[in-house]
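Here is a short briefing on one chain. It covers the overall fold, the surface and the aromatic pairs.

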Amino acid sequence: MFPSVSLDVSAAIKTLLLTLDLLGTFVFALSGAVAGVRRRLDLFGVLVLSFVAANSGGIVRDVLIGAAPPAAIRDWRYLAASLLAGVLIFFWYPGIKRLRSPVLVFDAAGLALFCVAGAQKALVFGLSPVMAALLGMLTGVGGGVARDVLLSEIPAVLRSDIYAVAALAGAAVMVTGDALGLPGPASACAGAALCFGLRLAAIQLDWHLPVARTARHAADDAEAAGRRDER
């Protein structure tokens with residue numbers, strides 16, 4: 001007889017959450033640091049932006065679910081991951097900028113990781129599946145919103161491209177997998193892959209959500225139609 005091996009499910013879930021959170025923190029910090037270097041911030045400014053971009057979503061999530069103090073200010077590894085990403089970008093930006101749209105790619109990766117991590121942590125704290133999916137979306141978009149606000153830009157989530165929708169889709173896959181009893185890592189990978197794929201497709205194919213039509217748009221359309229009739 002082989003000795004029975006007991007699996008500590010609680011410890012496994014905590015490890016999964018920590019791994020997703022730290023990976024998301026590092027990747028979002030990269031996007032914040034790249035944006036800061038492009039705006040010609042000094043080293044301190046780049047490090048501040050990398051920390052804010054990496055941890056704002058997680059802090060909001062933890063405050064809302066009552067996980068106080070938030071992990072980002074309780075665990076030194078979050079600060080270390082943020083600062084490491086900021087230093088790497090600050091000193092090696094010439095190599096990074098050769099990548100096509102590095103901010104968008106890093107941001108998409110961070111969005112994917114955070115949306116599933118946020119949804120999983122919300123489930124652990126007993127939230128309903130719908131609320132967990134929404135909190136996962138909020139976790140994903142929070143860092144990008146904070147980064148854009150500090151740089152005086154309209155946040156990407158408000159610019160009608162597929163951003164929050166991608167995060168919500170990834171979080172929904174995570175929540176659905178949990179409801180079906182699927183392994184946590186499998187659900188997390190599937191949700192993150194869907195979110196990342198949707199975000200990159202939106203960037204490459206210029207997918208946008210509908211925007212409200214204004215009088216100016218209507219006039220432009222009427223003018224274009226008149227030119228077509230004249231032909």
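Which residues form one aromatic cluster? Phe90, Phe91 and Trp92 do. This is a predicted model: local features need pLDDT of at least 70, side-chain atom pairs count only at pLDDT 80 or more, and totals for chains, interfaces and linings use all residues. Residues are numbered from 1 along each chain as its sequence is written, and side-chain values use heavy atoms, without hydrogens and water.

**Fold**
- The chain has nine helices and zero strands (DSSP runs numbered from the N terminus: H or I of at least four residues for helices, E of at least two for strands).
- Of contacts (heavy atoms within 4.5 Å) between residues at least 6 apart in sequence, 76% join residues at least 24 apart.

**Surface**
- Accessible surface is about 12500 Å², with 68% belonging to carbon and sulfur atoms (Shrake-Rupley method, 1.4 Å probe; for residues, only the protein chains shown count as cover).
- Buried residues make up 42% of the 231 residues (buried is under 20% relative accessible area, exposed over 50%, partly exposed in between; 1.4 Å probe, protein chains only).

**Aromatic pairs**
- The count is three aromatic pairs (rings of Phe, Tyr and Trp, its six-membered ring, with centres within 6.5 Å; planes under 30 degrees apart are stacked, over 60 edge-to-face, the rest tilted).
- Phenylalanine 28 and phenylalanine 114 form a tilted pair, 5.5 Å centre to centre, with 45 degrees between the planes.
- That pair links helix H1 (residues 9-38), which holds phenylalanine 28, to helix H5 (residues 102-124), which holds phenylalanine 114, 86 residues apart.
- Phenylalanine 28 is buried at 0% relative accessible area, and phenylalanine 114 is buried at 2%.
- Phenylalanine 91 and tryptophan 92 pair edge-to-face, because their planes lie at 70 degrees, with ring centres 6.5 Å apart.
- Both phenylalanine 91 and tryptophan 92 are exposed.
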